[in-house]
Amino acid sequence: MSALLEVTGLKKHFPIYKGVFSKVSGHVYAVDGVSFSIAKGETLGLVGESGCGKSTVGRTLLRLLEPTAGTVKVAGEDITHLEGERLLPYRRRMQMIYQDPYASLNPRMTAGEIVGEPMVVHGLGTPPERRERVAKLFDRCGLRPESVSRYPHEFSGGQRQRIGIARALALNPDLIVGDEPVSALDVSIQAQIINLLMDLQDEFGLSYLFVAHDLAVVEHISHRVAVMYLGRIVEMTDRKSLFEMPLHPYTEALLSAVPIPKASARGRKRVILTGDVPSPINPPSGCHFHARCPYAMPRCRVEAPVLREVVTGHVAACHLHDDGVKFPLAS
């Protein structure tokens, strides 16, 4: 299956300015060398703790933020340095669903104007054609077509997120980045939105980069899962392999924190991480995770592990898999 999106060595470093003359005194290493691909019709879940750089990855590959280094290719075309009109066709192919269904909608515009705005920006269709498409998108996303004249404050949180989904679909994109699109919603509404996204994927052949911190949601919607820690991907594989046999200590800790029924938890190993997530301004040397890792070796403090294939289709960045050493859960 050919890749729709290819991201190679993506970095995003934010400069820190200090003093009267605003000299650069350091950088926030938000994304520090991330590589992955997404095939047509595939969902890649991107998970990790808050502050690990997940949302920054999504915004950078969409060129909402300018990358510091690396390349982003869409259907084989490098869009990393495209500007203006040359970038515009690719903006149509990649859209975003934002985390906050309250802040992401303009309160001064009606719901119909919000969904139709991308078509106006890209000059698609006549006004009657745009109104007809907006009505169809409302109906497809579970909203009443007659509610196009209502304002965002007149909708519930779940309905607002449906408006956000309809807006993302307006230009018939190939890829949608979901920046924690259900984290602000009630659990029952989360299930409805996830099912809607999966139905839309089947209907339109959409690809998703699904950013989340809820592993239960990621397991339900994703085909493959990438785990991020402090700006780097530390593990990536299909969802079944990740949940059955994690190959990185950080993934093991994340999975052990997922709530499960008491009867199923017997004999389950609970991993408690010590300390806080290090600052991305001054990340630890070597493996970023070594200060919190229960299996850390002296080598981990000085040498950054390379993300490599440990078993077929399953990559991890951990020294425990080198030199014949086996990670506990993989033995």
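Strand E1 (residues 3–18) and strand E2 pair in the antiparallel sense over 13 bridges; two strands count as paired if DSSP finds at least two bridges between them. This is a predicted model, in which local features need pLDDT of at least 70, side-chain atom pairs count only at pLDDT 80 or more, and totals for chains, interfaces and linings use all residues. Residues are numbered from 1 along each chain as its sequence is written, and side-chain values use heavy atoms, without hydrogens and water. Helices (H or I, at least four residues) and strands (E, at least two) are DSSP runs, numbered from the N terminus.

**The sheet**
- Four strands form an open sheet in the order E2-E1-E4-E5, with antiparallel pairing.
- E2 (23–39) and E5 (77–78) are the edge strands, each with a single partner strand, so one side of each has no neighbour in the sheet.
- Tyr29 in E2 is the bridge partner of His13.
- Helix H1 (residues 54–61) packs on the sheet and touches E1, E2 and E4 (69–74); contact means heavy atoms within 4.5 Å.
- The direction of H1 makes about 110 degrees with that of E1. Axes are lines fitted to C-alpha atoms, for helices over the stretch in contact, and angles run from 0 to 180 degrees between N-to-C directions.

**H3 against H4**
- Helix H3 (residues 111–121) packs on helix H4 (residues 127–140) at about 120 degrees, with the axes 9 Å apart.
- The two helices are therefore oblique to each other (under 35 degrees is roughly parallel, over 145 roughly antiparallel, 65 to 115 roughly perpendicular, the rest oblique).
- H3 supplies Ala111, Gly112, Val115, Gly116, Met119 and Val120; H4 supplies Arg130, Arg133, Val134, Leu137 and Phe138.
- These contact residues are seven nonpolar, two polar and two charged. Ala, Val, Leu, Ile, Met, Phe, Trp, Tyr, Cys and Pro count as nonpolar, Asp, Glu, Lys and Arg as charged, and the others, Gly among them, as polar.

**H5 against H6**
- The axes of helix H5 (residues 157–169) and helix H6 (residues 187–204) come within 10 Å and cross at roughly 15 degrees.
- H5 and H6 are therefore roughly parallel to each other.
- Gly158, Arg162, Ile165 and Leu169 of H5 meet Ile189, Gln192, Ile193, Leu196, Leu197 and Leu200 of H6.
- By class, this contact has seven nonpolar, two polar and one charged residues.

**Covered helix H9**
- Helix H9 (residues 249–256) is mostly covered, with eight of its eight residues buried (under 20% relative accessible area; exposed is over 50%, partly exposed in between; 1.4 Å probe, protein chains only).
- Its buried residues pack against helix H7 (215–221), strand E9 (224–229), strand E10 (232–238) and helix H8 (239–244).
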